[in-house]
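This briefing goes through a structure by topic: helix packing, domains, backbone geometry and confidence. The sequence and the coordinates come first.

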Amino acid sequence: MKVTPLGLYCEPGGFHIDPSRPVDRAIISHGHADHARPGHGAVLATPDTLAIMRARFGEDRAGDSQQPLPYGQTITSNGVRITLLPAGHVLGSAQIALEWQGSRIVISGDYKRRRDPTCAGFVPLECDVFVTEATFALPVFRHPPDSHEIRRLLDSVALFPDRAHVVGAYALGKTQRIIALLREAGWDRPIYLHGAVEKLCTLYESLGVPLGALLPVPKGLKRGHPPILAGEIVIAPPSAEATPWARRLADPVTCAASGWMTVRQRAKLKGVELPLIISDHADWDELLETIGEVRAPEIWVTHGRDDALVHALSLRGIRGRALHLVGRGDEEDEGAPEAPPTGEEADAARMEPRSAH
Amino acid sequence: MSVQAFADLLERLVFTPGRNAKIALMRRWFAEQPDPERGVGLAALTGELSFTTAKPSLIRDLVATRVDPVLLALSHDYVGDFAETVALIWPEREGVNAAPPTLAEVVEGLELASRAEVPALMEGWLDTLDAGGRLALIKLVTGGLRVGASARLAKTALAEWAGQDIGEIEEVWHGVAPPYLPLFRWLEGKGPRPDPKDAPVFRPLMLAHPLEAPADIAAIEANPNDWRAEWKWDGIRVQITAGPGGRRLWSRTGEDISGAFPELAESMDFHAVLDGELLVVRDGVVAPFSDLQQRLNRKVIGPKLMRDYPVAVRLYDLLLDGEEDLRALPFDTRRARLEAWAARHAPPRMEVSEMIRFASLSDLSVLRDTAREASIEGLMLKRADSPYVPGRVKGLWWKWKRAPLSVDAVLMYAQRGHGKRSSYYSDYTFGLWRTYEDGTRELVPVGKAYSGFTDQELIFLDRWVRNHTTGRFGPVREVEKSFVLEVIFDAAQLSNRHRSGVAMRFPRIARLRPDKPADEADLLETLLGMVEKRAG
């Protein structure tokens, strides 16, 4: 296993893992833009991840040849045994277990440990080297139960029936998880979607994840149209509330669903009115718990707060190594690449706002 | 109910920009919380709770027993705020299933505990709360609680919830104390109105409307003898309350600011309630507002500060003389009483506001515009027969500000607004030209404005900013330096905190000047010249 400028490279197998630029052979852990990129030659991934890549990049750019490998099945490539296991991050997300000459490395990709109704739960596998993310690797990040955050959202909808609640959520994974959690909490009204999150919701449903009644946020309203969607829940990409698109909504309550919302200053800076701590990444306790379960004597940390995690591992007598992979952001952060733009934002910019308050 | 519920309220207040939304959140607190919890919460919201037993160092020591120092340092570095770091990082103890404390239990616990018992008490509470609850608790007991609402807004929410007038609440406020059981009983119609007795109470101030409409001006013009004029000073409006029950200096909103002006409290050796303007006055000359700012929001007032920024009050009105309430009497009668009262008591650091004689409004207008002192904002016009009524009643008192100063400035940066304006670039930083000796010119930012424009102009500016962006810094966009704004402001003051060396008071946008080339915008010297003009 080698660290290259493109990311992790398996030398005996001759393939990259989540490479940051097009390569001949790649294994992709999951469909987020900082892991899955268009234009590779041969791509190996779970069937759901391949479907997500086709939806995001188009049939022709999701890899010249695509090899689906369902969870738990093993194939061998140049003597390297490859198995994909659920990572619990988003639909189709996988840990990649590689075995060669009697030793095993597990590349976990991004992962979380708590239950997610929209994807299979993380399966720990004992190994010699465990490769982990460290997005929220500071002991201040301990995500509260999802049900608690969803209750805060519904509570706010009840308190402000004259306002629309706009939840900023990443298009792949977070959006569908929030919808599913709302359904579990008993919210059975239609949920309204910004154009940029529609396509992946449709895909999730076609892949067997029921999301209930979903409607697009109405477009093309005439100038002077009264504000819409009071009392309703709208899901949009995190930056949409700052665009003219938001002006059609009734006095919107800006909500953001992200692990970063733990820290007040970050929520304040983004002008969020109702921060919801809902993350698709393992929090501090979950990272340490997972590292304990896989019993690996050596831990490699791909990206995030590797300093704190490596220090905490050293207190437990485990060897940690920071890989400093570049280009590996966090999709929950504002700077991360967003879903491909739709005509929506452009439409919105052309639409005359009703009034400026 | 517990500290947890209060923490949820605080959290929402901190993030909610809208006034009405904040009121709705607080109303729910008064409606849903039981006694004495809601009253203790009200005290925390209005800044009436204070603890001295728990110091920040106690929190530092507690967390050190539970968290690795390297991880604590890395976390503090990331989060920034130490109390928030502790609240988030606090490792819960396995098997703790005690109920979290109520606010009332926290208050009582800290009052009864000896200094040595406080750490164990705090530790026990921290173990029962979640991160939000821990943050509220730490901030509450160490005195760092920031409430995302003013005391006044909390009282407004209380008034709206109870269907009472805010003025009524302010009148009884200083006669009640946490947890305000008699107050809530009265508001719910279950008990008598609390009697403030001798305790010094704030009485809501009478306020003025701006005199702008031609019809209103014409009405005064027609009967100038019915009106009285005084200077409108640029200080802060205060109410002075003194009597056997104590001495208080109140701000316009009923906040007790006596502590910041000990020398005034010393002067209040009488039994009366007065209305006036608090100013910094040196040798009879009123200093600019920026001097008064040196005295505001200070915890400790040293002798040097009192010497360098000597304060005085210009008295406008007499509300109560002893126990006698004069508020229903006409202005002329109150004014005569005020003059007689001042002659009798001659309190140091206080003088009666001068009445300006005039025959017509045009006389006044000349006086207003030729007044050279920077500390004069304009004139006050009061109806001779006006009673003293709380709030802003139309037609009795007018404020007649002098024409603002103005410059043509170039738009340089724009920032998105908050709340309803969060999708608009509505905060504009503008600059003026500075010329160097070698003849080159550069735009220097001189101020920031976020008001004055119409809704249509905001839409236009927002679109212009989006289409002419040259750089982005977080929420701020830098724009092409080509759009001219006519900016008006009340005064210009020298300032070493601004790169331009000058600060504007209340700048706002009067007009958009798409017709004017940026080259022809004003020079920085023009603005500096306005400082001298008004400094007198």
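This is a predicted model: local features need pLDDT of at least 70, side-chain atom pairs count only at pLDDT 80 or more; totals for chains, interfaces and linings use all residues.

Which residues in helix 1 of chain B meet which residues in helix 9 of chain B? From helix 1 they are B:Val3, B:Gln4, B:Ala7 and B:Leu10, and from helix 9 they are B:Gly132, B:Gly133, B:Ala136 and B:Leu137. Sorted by class, the residues of this contact are 5 nonpolar and 3 polar, with no charged residues.

**Domains of chain B**
- The domain assignment divides chain B into domain 1 (3–142), domain 2 (209–401) and domain 3 (405–535).
- Taken over C-alpha atoms, the centres of domain 1 of chain B and domain 3 of chain B are separated by 42 Å.

**Domains of chain A**
- For chain A, the assignment gives domain 1 as 2–140 + 280–322 and domain 2 as 146–278 + 340–350.
- The centres of these two domains of chain A, taken over C-alpha atoms, are 29 Å apart.
- Contact between them involves 20 residues of domain 1 of chain A and 21 residues of domain 2 of chain A.
- About 1800 Å² is buried between domain 1 of chain A and domain 2 of chain A, and carbon and sulfur atoms give 64% of that area.
- On the domain 1 side, the residues that lose the most area to domain 2 of chain A are A:Arg56, A:Thr118 and A:Asp280, which together make up 29% of what that side buries.

**Backbone geometry**
- B:Asp35 and B:Pro36 are joined by a cis peptide bond with omega of about 0°; B:Pro36 is in the loop between helix 2 (19–32) and helix 3 (37–45) of chain B.
- A cis peptide bond also runs from B:Pro178 to B:Pro179, with omega near 0°; B:Pro179 is in the loop between helix 11 (166–173) and helix 12 (181–187) of chain B.
- In chain A, A:Asp18 is not a glycine, yet its phi is positive, at about 45°; A:Asp18 sits in the loop between strand 3 (15–17) and strand 4 (25–27) of chain A.

**Confidence in chain A**
- Chain A has a mean pLDDT of 89, with 91% of its residues at 70 or more.
- The pLDDT is below 50 over residues 333–357 of chain A, a stretch with 54 contacts in the model beyond near neighbours in sequence.

Definitions and conventions: Residues are numbered from 1 along each chain as its sequence is written. Chains are lettered from A and ligands numbered from 1 in the order in which they are written. Side-chain values use heavy atoms; hydrogens and water are left out. Contact means heavy atoms within 4.5 Å. Helices (H or I, at least four residues) and strands (E, at least two) are DSSP runs, numbered from the N terminus. Ala, Val, Leu, Ile, Met, Phe, Trp, Tyr, Cys and Pro count as nonpolar, Asp, Glu, Lys and Arg as charged, and the others, Gly among them, as polar. pLDDT is the predictor's confidence in each residue, from 0 to 100. Domain bounds come from an automatic or database domain assignment. Buried area is the accessible area (1.4 Å probe) that two parts lose on being put together, summed over both.
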